[in-house]
Amino acid sequence: MRTDFRHEIPTDAKVFIAGHRGMVGSAIWRRFEAEGYHNLVGRRSSDLDLRDRDATFDFFAQQKPDYLIDAAAKVGGIYGNDAAPADFLSDNLRMQVNLLDAAKEFGLTRALFLGSSCIYPTTAPLPISEDSFMTGPVEQTNFGYAIAKATGVFQVQALRQQYGCSFISAMPCNLYGFGDNFTIPGGHAFPMLMRRLHEAVQAGDDDFLIYGTGTTLREYLHADDVADASLFLLRRYDDGAPINIGAGSEIEINKLVAMMADVIGFEGSFSHDLSKPDGVKSKIMDSGRIRSLGWEPKIGLSDGIRLVYDWFLANQDSYRR
Ligand SMILES: NC(=O)c1ccc[n+]([C@@H]2O[C@H](COP(=O)([O-])OP(=O)(O)OC[C@H]3O[C@@H](n4cnc5c(N)ncnc54)[C@H](OP(=O)(O)O)[C@@H]3O)[C@@H](O)[C@H]2O)c1
């Protein structure tokens, strides 16, 4: 990995943020705006379905973006993924292939493809380094999503090798943030726990049920930190290998629930539904590569929980559910 790579993105560059209304895409939009970028472009999926190749290419032909950040994806939790592997595979493959092909075809200066830590094998040694990519089988419950994301890494590598495109791919850990998807069931653990705890307080419940033993460990990063890392990587990273974006530490789900309960004001007891699966015990990533370039997260988990709960309270009418 080159550590001396530097790339300046002009503030008038046209940056297409695919998925700009999503949790991560909207955070990236805010981060770029804060940095003075004033020529950002985004489209809702209802206006531009990125699975549609012709529509995607027409959009690039009209808009002529200089940079692409691909934060558009069909995203879901373990149950949502397990129920629809074909949709997660097909939708994500089509979106990213169309976007990256168009980025190559229209000669974009740089593109960033956002994958996920689930591209790594369940057998990878911990903490999971980028070198574990393709060394074993991925988690079965979300194999459709994981294989689509892994293919995105290969497409970035192939476009770099064949056409010299300065495209990169980055793999964030589990994320949370403003505009998260609070759907129950089918969503991610963090927003589901937050919403369920909030509703438990409202209902006056004296017990809260945690699915599984709650002893699994997960690495959580605020989406605003991923947005910061995305801008950082476009400026500082130019390699075909995926690069991890992690928090650097994990938290036990029981502890996460306790922290949320403190913020939300749930004072009851906790019990466990042991019929529910736990998933892998730990999947912490090794984020040494991005750290060695000089990036680190800025939002700690306790602050992050409070910030997101404040957002959740302020957006009771409109949050995704
Ligand atoms: N959330 C996590 O924990 C996590 C962890 C690791 C990596 N990531 C990655 O981060 C990226 C963003 O995830 P997120 O959590 O921000 O998801 P999200 O909140 O669900 O946002 C996904 C975005 O993708 C857009 N999209 C979906 N289908 C589309 C289609 N057919 N055409 C056009 N746009 C479409 C949606 O647009 P509309 O809103 O307009 O429909 C939405 O803005 C994804 O690549 C994901 O794999 C997420």
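Author: Ala 18 lies in strand E1, residues 15-18. Strands here are DSSP runs of E with at least two residues, helices are runs of H or I with at least four, and both are numbered from the N terminus. This is a predicted model: local features need pLDDT of at least 70, side-chain atom pairs count only at pLDDT 80 or more, and totals for chains, interfaces and linings use all residues. Residues are numbered from 1 along each chain as its sequence is written, and side-chain values use heavy atoms, with hydrogens and water left out.

Reader: Is Ala 18 buried or exposed?

Author: Buried means under 20% relative accessible area, exposed over 50%, partly exposed in between (1.4 Å probe, protein chains only). Ala 18 has 0% relative accessibility, so Ala 18 counts as buried.

Reader: How far apart are the C-alpha atoms of Ala 18 and Leu 68?

Author: Ala 18 is in contact (heavy atoms within 4.5 Å) with residues including Leu 68, Ile 69 and Leu 99, leaving aside neighbours within four places in sequence. Ala 18 and Leu 68 are 50 residues apart along the chain, and their C-alpha atoms are separated by 7.3 Å.

Reader: Which polar backbone atom is 2.8 Å from an oxygen atom of the ligand?

Author: A polar contact is a pair of N or O atoms within 3.5 Å; within protein, one must be able to donate a hydrogen and the other to accept it, and residues adjacent in sequence count only if both atoms are side-chain atoms. A backbone N or O atom of Leu 175 lies 3.0 Å from a ligand oxygen. The 2.8 Å distance belongs to a polar backbone atom of Val 24.

Reader: Which helices each supply at least two residues of the shell around the ligand?

Author: The shell residues divide into 14 nonpolar, six polar and six charged. The helices are H1 (23-34) and H5 (143-163).

Reader: Which side chain is 2.6 Å from that of Asp 273 in a polar contact?

Author: Asp 273 is found in strand E12, residues 269-273. Its side chain makes a polar contact of 3.2 Å with that of Lys 276. The contact of 2.6 Å is with Ser 275.

How values were computed:
Ala, Val, Leu, Ile, Met, Phe, Trp, Tyr, Cys and Pro count as nonpolar, Asp, Glu, Lys and Arg as charged, and the others, Gly among them, as polar.
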